[in-house]
Amino acid sequence: MIIQPKIRGFVCITSHPEGCAKKVAQEITKAKATTMSKGPKNVLVIGASTGYGLSSRITAAFSCGASTIGVFFERPSLKGKPASAGWYNTVAFESETKAAGIYTKSFNGDAFSNELKKKVVKTIQEDWGKVDCVIYSLASPRRTDPKTEITYRSCLKPIGEAFSNLTLDTSKGLIETISIGPANEEEIEHTTKVMGGEDWELWMDALAEGGVLTEDAKSVAYSYIGPEVTWPVYKNGTIGTAKLDVERASRAIKKKHGVDAFVSVNKAVVTQASSAIPVVPLYISILFKVMKAKGTHEGCIEQIIRLFKDRLYEGEHQCDQMGRIRLDDLEMDPQVQEEVASIWPKVTTENIYDLSDFAAYQKEFLELFGFGLEGVDYTQEVEVERSIENLVD
Ligand code: NAD
């Protein structure tokens with residue numbers, strides 16, 4: 001079929017297999033250009049099909065030559081409709097690892113469940129014996145607790161008082177004012193259940209109980225802090241509270257299992273998860289303009305290559321006072337933040353393309369779904385049904 005983008009609010013409900021393959025190939029080229037003298041051998045990536053998790057898998061495989069097991073929740077093609085972007089990304093990743101002779105296995109299912117954890121541990125026991133690096137990069141709106149079977153939903157709300165600020169309707173290019181009422185106790189608790197550190201801890205418990213963690217194993221979960229303008233809805237809101245719980249989990253994992261468990265605070269980038277957060281797409285559009293002018297702009301792959309090479313394997317971790325790795329150092333540069341803050345109050349629907357890099361935001365958003373990539377002929381019919389060869393049932 002001929003596939004065109006169909007945008008509904010902050011998601012695109014179609015995706016293009018050739019475009020996704022092109023985007024994955026671009027990241028692989030960047031990862032291959034970085035060789036590392038030291039690196040992991042066997043890497044488990046939880047949330048491996050898009051965004052930061054996909055870049056982690058690509059870096060592990062193509063900068064370090066590591067075997068990878070990837071876990072994700074993606075939709076295959078059904079009734080002639082395109083699969084989700086993460087599905088096609090994985091098809092492309094597997095075809096490149098096959099060509100390079102790199103071990104790859106993938107699990108498509110609910111990472112929060114005990115069943116999936118058991119299957120992954122069994123595969124590690126059988127295929128690798130041990131895993132030496134675990135990347136936790138899930139972003140999900142809901143989670144079913146495997147013990148109680150209760151399903152929790154996360155929300156993106158301020159805590160304590162209502163919040164009002166400029167936001168960008170990315171599908172219409174409109175600058176609007178958004179007002180969000182404060183979360184109640186239940187919403188705060190539920191968001192922590194979904195996006196907090198409990199599931200990361202359960203994964204590390206399952207791996208330790210299965211006897212598959214090497215003595216020098218490292219694990220990293222990703223987090224975000226961002227600028228003051230987003231704090232009411234991010235750092236000091238429901239999601240920020242959940243992220244504090246991820247920091248608690250890192251300490252618990254270190255203590256229980258002796259694993260070097262880190263939280264890495266990454267830069268704001270365009271992903272399926274970040275496009276759903278109010279205010280953040282406007283901030284990202286302005287940030288891109290400022291960081292590109294300074295020559296410090298990075299996407300997921302540049303961030304993760306820097307994480308693996310400079311912070312995890314070749315250089316020092318350079319943790320902050322709270323023990324977190326700060327890959328957001330270039331974003332949080334005071335000069336960058338001052339410039340963003342000076343642009344922020346001036347931005348309107350009329351000047352959004354001049355004062356920010358909204359054009360790049362839109363381009364990157366479409367690219368997440370395999371659209372707008374150079375060298376792909378979008379007028380051609382494409383086969384939507386593609387299988388992930390090394391998918392474990
Ligand atoms: P993303 O939406 O691109 O990726 C989410 C991944 O989680 C996908 O692989 C998806 O398949 C998987 N997933 C979701 N629910 C699942 C489930 N139930 N079972 C198995 N897999 C599931 O997200 P992202 O933006 O790359 O975010 C990853 C992490 O990075 C998050 O912790 C996020 O807070 C953090 N982070 C993101 C940004 C940003 O700007 N996007 C910045 C800093 C930190």
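At what distance does a backbone N or O atom of G109 lie from a nitrogen atom of the ligand?

Author: Quick housekeeping first. This is a predicted model, so to speak: local features need pLDDT of at least 70 and side-chain atom pairs count only at pLDDT 80 or more, while totals for chains, interfaces and linings use all residues. Residues are numbered from 1 along each chain as its sequence is written, and side-chain values use heavy atoms, with hydrogens and water left out.

Now your distance: a backbone N or O atom of G109 sits 3.1 Å from a nitrogen atom of the ligand. For A111, a backbone N or O atom is 2.8 Å from a ligand nitrogen atom. On its own the ligand has 840 Å² of accessible area, and the protein covers 93% of that (Shrake-Rupley method, 1.4 Å probe; for residues, only the protein chains shown count as cover).

Who makes up the surroundings? There are 29 residues around the ligand, and S49, Y52, A111, K243 and T271 come nearest; a residue is near if one of its heavy atoms lies within 4 Å. By type, the shell splits into 13 nonpolar, twelve polar and four charged residues. Here Ala, Val, Leu, Ile, Met, Phe, Trp, Tyr, Cys and Pro count as nonpolar, Asp, Glu, Lys and Arg as charged, and the others, Gly among them, as polar. Both α2 (51-62) and β11 (213-223) give at least two residues to the shell, with helices (H or I, at least four residues) and strands (E, at least two) being DSSP runs numbered from the N terminus.

Side chains of opposite charge can pair when their charged atoms come close. The whole structure has 28 salt bridges, each a side-chain nitrogen of Lys or Arg within 4 Å of a carboxyl oxygen of Asp or Glu. In one of them, D145 meets K193 at 2.7 Å, N to O. This pair links distant parts of the chain, 48 residues apart: D145 is in the loop between β7 (142-144) and β8 (151-153), K193 in helix α5 (residues 185-195). Both D145 and K193 are buried (buried is under 20% relative accessible area, exposed over 50%, partly exposed in between; 1.4 Å probe, protein chains only).

Another salt bridge joins K294 and E339, at 3.3 Å, N to O. K294 belongs to helix α8 (residues 280-294) and E339 to helix α10 (residues 334-343), so this pair ties together parts 45 residues apart in sequence. K294 is partly exposed at 31% relative accessible area, and E339 is partly exposed at 32%.

R326 and D328 also form a salt bridge, at 2.9 Å, N to O. D328 counts as buried because its relative accessibility is 1%.

Conventions
Polar contact = N/O pair within 3.5 Å; in protein donor to acceptor, adjacent residues only side chain to side chain.
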